[in-house]
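My notes follow in the order I looked things up.

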Amino acid sequence: MSVRFIIGRAGAGQTHHCLSAVREKLPANPLDGPRLILLVPEQASLQTERALLALPEPQVTHRAEVLSFRRIALRISADTGVESRTPLSANGRGMVLRYLLAKLAPQLQYFKNAERFPGFLERLGRTISELIDEAVTIDDLDRVLESPDEDPLRQHKLADLHRIFAAYLDYLGSDRLDPSQYLEVARARISR
């Protein structure tokens, strides 16, 4: 299987080029030809699927697939026999974080009353998502906490973030999947 990257600034014609390439390849072997995968950002998947179906001969488009990174991660997970884990939505993550903040309130210093501020849970959710995306572990946060810092406020903030992140990962366990973990799961199984 070959992979070809088409990159460029917005409006340079990457989508048009990709759709033209698919248009050329599809009729060559419509029944037994290899699958053609267009990997696009999540927000462009529906638009690209519509453009693909608008081809002059849509009956031969069954070989072509439009996949976002999340969809391809789910496909890799399904094809490699990953056990079923209940996925959380972004809203579900927010509810879990609200629950954990209430539970951890006596131990927190910096984030003790932060839940009352508008948008805090959303920002905390994005921070958790970023930590997961960047494969930051609890051990990584431990090392940062152990390093000397002259700003006690920053130390309290990091300590609270450490507690919340550890509690969140414990809550997920092996039964649940954070929306940011789809790529992590796929990355671990892509060689299969």
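Which helix supplies the largest share of the lining of the largest pocket? I checked, and H1 does, with 8 residues. I keep in mind that this is a predicted model.

**Entry 1: the largest pocket**

I looked up the volume and got about 1600 Å³ for the largest pocket. I count 40 residues in its lining. Val3, Arg4, Ile37, Leu38 and Leu39 lie nearest the centre. By residue type, I noted 26 nonpolar, 7 polar and 7 charged in the lining of the largest pocket.

**Entry 2: the second largest pocket**

I found about 350 Å³ of space in the second largest pocket. Its lining has 15 residues, and Tyr110, Phe111, Phe120, Arg123 and Lys157 are the closest to its centre. Helix H5 (120-133) and helix H7 (152-172) each give this lining at least two residues. I sorted the lining of the second largest pocket into 9 nonpolar, 3 polar and 3 charged residues.

**Entry 3: helix H4**

I checked the length of H4, which covers residues 90-104. Its 15 residues should span 21 Å at 1.5 Å a residue, and the end C-alpha atoms are 21 Å apart, so the two agree. I listed the buried residues of H4: Gly92, Arg93, Gly94, Val96, Leu97, Leu100, Leu101 and Leu104. I asked what they pack against, and found H5 and H7. I noted the general rule too: an α-helix has 3.6 residues a turn, so residues three or four places apart point the same way.

I looked for a polar partner and found Asp178, with 2.9 Å between the two side chains in a polar contact. Leaving out residues up to four places away in sequence, I found that Arg93 touches Leu88, Gly125, Arg126, Ser129, Tyr168, Asp178, Pro179 and Ser180.

**Entry 4: helix H5**

I ran the length check on H5 too. H5 has 14 residues and reaches 20 Å from first C-alpha to last, close to the 20 Å expected at 1.5 Å a residue. The buried residues I listed in H5 are Phe120, Leu121, Leu124, Gly125, Ile128, Ser129, Leu131 and Ile132. They pack against H4, H7 and H8. Two of these names were in my Arg93 notes: Arg93 touches Gly125 and Ser129.

**Entry 5: Ala135**

Where is Ala135 found? I placed Ala135 in the loop between H5 and helix H6 (138-146). Its phi is positive, about 60°, although Ala135 is not a glycine. I flagged this because most residues other than glycine have a negative phi. With a relative accessible area of 47%, Ala135 goes down as partly exposed.

Note on methods
Residues numbered from 1 in each chain as written. Predicted model: local features only at pLDDT ≥ 70, side-chain atom pairs only at ≥ 80, totals over all residues. Heavy atoms only, no water. 1 Å grid on protein atoms, 1.4 Å probe; cavity = no way out; pocket = protein on both sides within 12 Å on 5 of 7 lines; lining within 4 Å. Points joined across faces, edges and corners; volume = space filled by probe spheres on them. Helix = DSSP H or I, 4+ residues; strand = E, 2+ residues; numbered from the N terminus. Nonpolar A, V, L, I, M, F, W, Y, C, P; charged D, E, K, R; others polar. Expected span 1.5 Å × (residues − 1). Buried < 20%, exposed > 50% of the residue type's maximum accessible area, 1.4 Å probe, protein only. Contact = heavy atoms within 4.5 Å. Polar contact = N/O pair within 3.5 Å; in protein donor to acceptor, adjacent residues only side chain to side chain.
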